[in-house]
Amino acid sequence: MNRTLVFATALAAGLATTNLFAQAPAAPAAAPAAAAAAPQAIPAKVAIIAFEQVVVATNEGQRAVAEVQKKYEPKKSQIETQGAEVDSLKKQLQALPASASDDQRASLIKSIDVKDKALQRDAEDAQNSYQSDLQEAFGKVEQKVGQTAVKYAQDNGFTLLLNRSGNPQVPDPILWFAQTTDISQAVVNAYNVSSGVAAPAPSAPSAVHHTTPAAAPKK
């Protein structure tokens, strides 16, 4: 599973109810009850948006991910080297002959334990830092994309904009919707035009996936 999408999903959780819908002007001072206008029902035109995926799909969102990943490539390489060293020591331990002394065996076990703990600690620290930097980078994009989404909905006569959750851990309140009401791609296109950020160049094929800097074994 692409860890980047998981990160973006966690970062943008709840944004639709904060940035997208919290843009109404402050309420005026209360008027006398007799002068208050009665609420009026209007024909509903509902739009659906997968907001978290939209942020990731924009050119600026992709650039933000690429910049953070590039920053953490040295740390990722370091952790991979540490992991390879631990694996090498484990193989040495397994290959010890029966005639090996207890001191030799104990020394290897201690070395593996120390290096493995350091690896896990470094991997966890790198993962936390990576997520923090990614959250900060996406936060700068999310608010602007939210404004574009609201403007698109308003310009096209929608009366309600609902966010379709992309987080498998959060129940999606929308059970069904007609695909023609999904404005996700339209908002991506509109934002790419307004931001002026060019689409990222296709990355060269590689056997290494840079979705996370923490390539160490899981705890």
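Modeller: Here it is, and note that this is a predicted model. We can start with asparagine 192: beyond its neighbours within four places in sequence, it is in contact with Thr58, Asn59 and Val197.

Biologist: Where does asparagine 192 lie?

Modeller: Asparagine 192 is in helix H6, which covers residues 184-195.

Biologist: Buried or exposed?

Modeller: Asparagine 192 is buried: its relative accessible area is 17%, and the cut-off for buried is under 20%.

Biologist: Which other residues of H6 are buried?

Modeller: Besides Asn192, the buried residues of H6 are Ser184, Val187, Val188 and Tyr191. They cover an arc of only 135 degrees around the axis, so they sit on the same side of H6.

Biologist: Why would residues spaced like that point the same way?

Modeller: An α-helix has 3.6 residues a turn, so residues three or four places apart point the same way.

Biologist: What do the buried residues of H6 pack against?

Modeller: They pack against strand S1 (46-49) and helices H3 (51-57), H4 (59-95) and H5 (102-155). On the other side of H6, Gln185, Val193 and Ser194 are exposed.

Biologist: What about the span of H6?

Modeller: The 12 residues of H6 should span 16 Å at 1.5 Å a residue, and the end C-alpha atoms are 16 Å apart, so the two agree. Just after H6, glycine 196 has a positive phi of about 75 degrees.

Biologist: Changing topic. How many salt bridges are there?

Modeller: The structure holds seven salt bridges. One of them joins aspartate 133 to lysine 71, with the closest N and O atoms 2.6 Å apart. Aspartate 133 is in helix H5 and lysine 71 in helix H4, so this pair ties together parts 62 residues apart in sequence. Lysine 71 is exposed, at 56% relative accessible area.

Biologist: And glutamate 80, what does it pair with?

Modeller: Glutamate 80 forms a salt bridge with lysine 76, the closest N and O atoms being 2.5 Å apart. Both lie in helix H4, four residues apart, or about one turn of the helix. Glutamate 80 is partly exposed at 35% relative accessibility, whereas lysine 76 is buried at 5%.

Biologist: Last one: which residues form the nonpolar patch on the surface?

Modeller: Val46, Leu160 and Leu162 form it, with about 200 Å² of accessible area together. Leucine 162 is in strand S2 (residues 160-163) and is partly exposed, with a relative accessible area of 32%. The cut-off for patch residues is over 30%, so leucine 162 passes it.

Notes: Residues are numbered from 1 along each chain as its sequence is written. This is a predicted model: local features need pLDDT of at least 70, side-chain atom pairs count only at pLDDT 80 or more; totals for chains, interfaces and linings use all residues. Side-chain values use heavy atoms; hydrogens and water are left out. Patches are made of residues with over 30% relative accessible area and no salt bridge: like charges are joined within 9 Å, nonpolar side chains (Val, Leu, Ile, Met, Phe, Trp, Tyr) within 5 Å. Accessible areas come from the Shrake-Rupley method with a 1.4 Å probe; for residues, only the protein chains shown count as cover. A salt bridge is a side-chain nitrogen of Lys or Arg within 4 Å of a carboxyl oxygen of Asp or Glu. Helices (H or I, at least four residues) and strands (E, at least two) are DSSP runs, numbered from the N terminus. Buried means under 20% relative accessible area, exposed over 50%, partly exposed in between (1.4 Å probe, protein chains only). Contact means heavy atoms within 4.5 Å. The expected span of a helix is 1.5 Å times one less than its number of residues. The arc is that of the directions from the helix axis to the C-beta atoms.
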